[in-house]
Structure formats: C-alpha cells, structure tokens
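Here's a quick briefing to keep beside the viewer. Have the sequence and the structure open while you read.

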Amino acid sequence: MQIIIYLTYLIASVLFIFGIKRLGSPKTARSGNMLSSLGMFLAIVITLFDQHILTYEYIIIGIVVGSAIGATMALKVQMTGMPQMVGLLNGFGGGASALVALSEYYKEDSSDIAILVTLVLSILIGAVTFTGSFIAFGKLQGFVTGKVVKYPLQNPINVLLLLVVIVAGVLFVIDPSRVDMLLGILVISLVLGVLLVLPIGGADMPVAISLLNSYSGLAASMTGFVLQNNMLIIAGALVGASGIILTIIMCKGMNRSLMNVVLGGWENAGQETSSGGTAPQGDVKSVDAEEAAMIFDSAQNVVIIPGYGMAVAQAQHAVRDLANILEKKGINVRFAIHPVAGRMPGHMNVLLAEAQVPYDKLFALEDINDDFNNVDVAFIVGANDVVNPAARNDQSSPIYGMPILNADYAKTVIINKRSLNVGYAGIQNELFFYPNTLMYFGDAKEAINKLVNELKEL
Amino acid sequence: MEVIDLIMLIYVFVLAIFVGFELITKVPPTLHTPLMSGSNAISGITIVGALLSAGMEEFTISTILGLVALIFATINVVGGYLVTDRMLKMFKKK
C-alpha cells in the first residue's frame, strides 16, 4: 500500500507542475487550476489509506469545518477584496505547516539533526507567515493602519529576536527534550511576523503579500523535510519560487530593493499630506463631464490607466461602460496596467475581468509604453505615482528611476481623481500641472457614469 | 534519516525550485492574482501531514495540533482552489 501511496504522491506532484504550466495562458488557466486541484484531491484521498491513520472522527470534523469556512470565504469575497483573501489564505497555509511540524515533534522522539533543524525552520517560517498574513489582512481591510509604521529600534529588535530564535534553535537541536526552547521559538516567531509586516505601508502590500506567499510555500517544503515527503517538498518549492518571482517583479516595478520595502520604504510614504518642498506648482485646468465627453468623442486612440482608486471606488463596471461606448463610436480603447497598480500583483486585471473587459485589451507597461505618442487621450482613473513623470526627470524625487506609464506623452491626459492630494509616495504629481493635462474631479464611479451619459447624448 | 536520504530530499527541493522558476516566469502579468491564489492552494499540501496527525489511534496533544492544522490547511486548499476558479472563469477574450 505504501508504494501505491508514494506513486500517487508522484502523480499529484506532476499534476501540480502541469497545473502551474497551464496558468501560462488565460485560455488554459482554468483547466490548469482544475488539474492542480485534482492532484490535491488524489493526495488527500490516498493519504487516508495510510497505515498510520486509524481513526477518522477528527479527520471528518477537520475537513467539514475547514471546507465550510474555506468555501464560504471563497464564494462570498468580492473581487475588490481579493488581496485580503489571498493574505488570509497564505496565513492559514503557513499556520498549518507550523502546527504539523509541532505535532510531529510531540508524536515521535527524534534525535535526527536534519529533522530537528527543518522542524525549527518549519515552525519559524510558518508562524511568521501566520501572524504576518493576518497583519497584512488587517492593513488591507482597514483594521490595522495602512500607513508606514515605524517604531523605535525597529531593526535592532528584529535582528535580536531572530538571533534569539537561532540560539534557541541550536539548543533545541542539541537537546530535543527542551520543549521550552521549541515553544519559545514558536512565540517569538509569531511576534516577529507582526513586527515584520507592521512597518510595510499599504501600497507596498503587493510586495508583502508576494513574500508571504513564498514563505507559505517554504514552510510546506520544510514540513516535507520533517515528514520526509517528496511531494510536500516539491509543492512547497513551486510555491516558494512563485512568491519570490512575484516579489522581484513587484520590487522592480517600484525600482526599489526588497530591503527598502520591508524596512518601511520612502520617507514620506503613506502620509496623507504633502511634505511641500519641491512640490511642483502651477495652473491646474479642470474639465466637467460635458467637455471631457467631447474630447473623448473626437479621439481615435484612447488608453485607460486604472489604479487603486478604481478599486476603492468600485468603478470597474463604470470603466467598462466607458470603454464600450467609446468602442461603439469606433474609437480604439486599450488599458495600460502598471505592475504595482493596486494592492496585489494582477489586482487591476482581475477587477477588469470581473467587469468583462476582454483580457486582450489589457497591456503591460513594456507592451504599451512606446505607443503613448500615438495616443489621443490617456485617461487615468485613480492612479498617481505610477504616472508621475518625476520618476523620469527629477533625480531628487524619491520615486526617481521607477518605471512609469508614459501617459504624459499622450496628446491629452485626463485625470479622474477626487482631489489634488499626493499619492502613496507622499509627493506631488507634476503631471497634474502639465499643459496637456486636464483634471476631471469626482468619485470615479459617479464621474465616469456621468461621462458615459454625456457620451451617449453626443 | 541517513545522510544520503537527506541529500536526496535536498536534490528534490533544489530541482523543484528550478522547475518553479521556469514555469512561473512564463505566467503573464494578467494572471498574477490567480497564480498567487492557485499556488497558495498548492501550499495547502501540508494537509497531508495534518491528516496523519489528526488520524492517530490514541488522542494526544499531537492529535489536537493535527486537528487545528487540518482545519487551517483545508481552508487554504478549498478556499484557494475555489476562489482561483471564480477568478479564472471571468477571464475572457473578446
């Protein structure tokens, strides 16, 4: 039987790999996810035949309770709440890995160094993922401040805690009967998770969530070492790699190092008010719905640039209506998506997909940036720092060097925003004052609906 | 664990990371959110360990930890796959 179990684990591992491979294109992605879930199903069912499983009461309770909670969350969550959802799921995965490792310790006396070391690592990574993800969830949901939180001796405290974990880990590996050491590691790791994510500001959440995603995979891999189970190691490593790649993409999207993001980032990041200083000044021209509609009506080439503001205002359906009516008038409409727009990788794409915008209208930064010279109207909805030309021209700007969408190269730039407030980076956007820029003030959903109505009348 | 066994596990770990890098760099940005939730569901594979702990014959502290782990991992697996499917259903070409 054990041989059949291991062979089934191999099949499951292969299905995970195929599943992720099929995520390479939107056409095959759904079937890929199904293959991957089939792999998971096979792995779970065959494990139930393991000779070590003798009672099923707790298994049934666990699976029923977990499925009910998981399914409710998955079916109820709104698309705008997806970053929170993924954050929570990361946390549960990491927590489960840490608990399995701890349970394994109580189950069997082991003096095997490799098992003890990976047990400590599994608990450390899993517990950090657990509390870190809940803080990330709180920040996205608004329970915990989305601002950058800096506390005194931030780095020394974290380094010290990590050192304590290492020392306790060594003592535990030398003498595995020291359960106090293991529980100490667990508690400190839980605290570390809170302290590490707390300083990270709201708009840096794409990085935090990607990193926690990677941790949840690594924790599963470490548990795989403890259980000497190749399937866990493979599945965990795939997820670990995925999270790291996304983390790197997000950091590149902001031209920042991982350390800079993790330690709290820009000096004024996440502040509500402008620091003044080099804030560009000048005349701001604003338009109302009627004028904006006429500009759109005479355009041939329109690019819409959505940002987090679109998600907050739940304006994705209004944006879709705008795109539809423009297309009906024979205008070419495309969407330009900055890699860090929103609160998690791909956030804007999911929202627009929900609003039934075809994915072939969505263009990544590198695919559309050279074309902005030919664009008549660049329409910016709730995005700010990712279109700030200071990133290109102003070496003293904190965002200098960050890749931006070249919206300013368009003949006319229309910016829908509620006010002239600064973006996440805490700096004024000089694009607002450009001669070819028009501000169209108002809540995104309301303002765009008005615009659509005006366009209908033209 | 014999040293050779450990080395074999490390082989698997390192090779799987390379496979992961190769696969994931090919995923287009438009699918990054489903990639994250879908891969997240895969990390719920730790459910296998939770089952082994929760299904032991005698009731011990291990069983309790296993049961909690099982609930967490099931939320991760079921929630992750379902929400990913919900998202992927929406991605349509014109």
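This is a predicted model: local features need pLDDT of at least 70, side-chain atom pairs count only at pLDDT 80 or more; totals for chains, interfaces and linings use all residues.

In short, chain B is built from four helices with zero strands, while chain A is split into two assigned domains, 77-262 and 289-457.

**Chain B: fold and dimensions**

- Going from the N terminus, chain B reads α-α-α-α.
- Its radius of gyration comes out at 18 Å, whereas a compact globule of 94 residues would sit near 12 Å.
- The C-alpha trace of chain B spans about 60 × 35 × 10 Å along its principal axes.

**Chain B: packing**

- Of the 94 residues in chain B, 66% count as buried.
- Take the contacts in chain B between residues at least 6 apart in sequence: 57% of them join residues at least 24 apart.

- The domain assignment puts residues 77-262 of chain A in domain 1 and residues 289-457 in domain 2.
- Contact between the two involves 19 residues of domain 1 of chain A and 16 residues of domain 2 of chain A.
- On the domain 1 side, the elements giving two or more residues are helix 4 (82-107), helix 8 (205-227) and helix 9 (230-253) of chain A.
- That side of domain 1 of chain A, the one touching domain 2, has 13 nonpolar and six polar residues, with no charged ones.

Terms used. Residues are numbered from 1 along each chain as its sequence is written. Chains are lettered from A and ligands numbered from 1 in the order in which they are written. The radius of gyration is taken over C-alpha atoms; the globule rule is 2.2 Å times the number of residues to the power 0.38. A residue is buried if 20 or more other C-beta atoms lie within 10 Å of its own, exposed if 12 or fewer, and partly exposed in between; C-beta atoms are placed from the backbone. Two residues are in contact if their C-beta atoms, placed from the backbone, lie within 7 Å. Domain bounds come from an automatic or database domain assignment. Ala, Val, Leu, Ile, Met, Phe, Trp, Tyr, Cys and Pro count as nonpolar, Asp, Glu, Lys and Arg as charged, and the others, Gly among them, as polar.
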